[in-house]
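Hi everyone, thanks for coming. I'd like to walk you through one protein model today, so please have a look at it with me.

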Amino acid sequence: MNNAQLGSAAQKKAQSVNQIPSTSEEIKLAARPVVSYSGTQQNELLAALPRQDLETLFEHLELVPLPFGKELFEYGSKLEYVYFPTTAIVSLLYVMEDGATTEIAVVGHEGAVGVSLFMGERATCSAVVQSAGYGYRLKTQYLRDAFNKGGALPQLLMRYTNALFAQMAQNAVGGRHSSIEQKLCRWLLDRLDRSPSNELKVTQELISIMLGVRRESITAAAGKLQDEGLIQYRRGNITVLNRQGLEDYAGECYKVAKSEYDRLLSDVSRA
């Protein structure tokens, strides 16, 4: 081997040594799952971004597991990350001083959790993973930076926020004026829209906590829906047999919020 070849071999060896992560931060980055364009398309907000805008976020997006029961943030906490669920479903909860809990909204592959566009903004509710899966997270500082650059992202986030407010408003109205059966139908449909199948793994106790009603009321309502052939309930598992029947039963409580999301996606596709 001549001197030139020896020099080239030494250079390659040095390069390979330099590529080995040496700090804890480098090791952490090297272990992170690779963010791909096809993977981000599982979240409808990310999928709606022009490819060039989306790819500018790749360096900061992180694919993370979202196990059942994980609290992404609690009321009053600083919002450090925004989450874009892909297969997970997240509940936004309002927790009273006595510990009573009511669900005010639900987010899945169609949206984002923890959008914070103002420095130092604090959470106005709690966010808990209700159905395990995955999602992408992004530090809120990077979201603010991208938002301030303009482009498609600001408009998309404002449209989504309007749709989320519509869901919260309907939940508030439905909580006051709807029957237990209507509330249960809406709750099931909200999950069905964000699930890959017509089967939901959930207990009556969890539903009663989310809706802020007695468990006995949920048992009676589920029994009625099952007798009418709309669902099949077995311990910890609900199978939806007649989706259209659930929609008709839920009525305006469900349809207004759903139409707002449909309009959002339609507007985005034409943008």
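I'll start with the whole chain and then visit a few places in it.

First, the ground rules. This is a predicted model, so local features need pLDDT of at least 70 and side-chain atom pairs count only at pLDDT 80 or more, while totals for chains, interfaces and linings use all residues. Residues are numbered from 1 along each chain as its sequence is written, and side-chain values use heavy atoms, with hydrogens and water left out.

Now the overview. The chain has twelve helices and ten strands; these are DSSP runs, numbered from the N terminus, with helices being H or I of at least four residues and strands E of at least two. Of its 271 residues, 42% are buried, where buried means under 20% relative accessible area, exposed over 50%, and partly exposed in between, using a 1.4 Å probe and protein chains only. Contact here means heavy atoms within 4.5 Å. Among contacts between residues at least 6 apart in sequence, 73% join residues at least 24 apart.

Let's go to helix H6, residues 140-148. Which of its residues are buried? They are Thr-140, Leu-143, Arg-144, Ala-146 and Phe-147. Looking down the axis of H6, these buried residues fall within an arc of 165°, so they line one face of the helix; the arc is that of the directions from the helix axis to the C-beta atoms. As a reminder, an α-helix has 3.6 residues a turn, so residues three or four places apart point the same way. After H6 comes Gly-150, with a positive phi near 80°.

Next, a helix pair. H8 (residues 180-192) and H10 (residues 215-227) pack at about 75°, their axes 9 Å apart; axes are lines fitted to C-alpha atoms over the stretch in contact, and angles run from 0 to 180 degrees between N-to-C directions. That makes H8 and H10 roughly perpendicular, a label for 65 to 115 degrees. On the H8 side, Ile-180, Glu-181, Leu-184 and Cys-185 take part, and they meet H10 residues including Ile-218, Ala-221 and Leu-225.

Glu-247 sits in helix H11, residues 243-250. Is Glu-247 buried or exposed? At 16% relative accessibility, Glu-247 counts as buried. Leaving out residues up to four places away in sequence, Glu-247 touches Leu-189, Tyr-254 and Lys-255.

Finally, His-60 lies in the loop between helix H5 (51-55) and strand E1 (62-66). His-60 is partly exposed, at 25% relative accessible area. His-60 and Lys-139 are 79 residues apart in sequence, with 7.4 Å from C-alpha to C-alpha.

Notes
Parallel < 35°, antiparallel > 145°, perpendicular 65-115°, else oblique.
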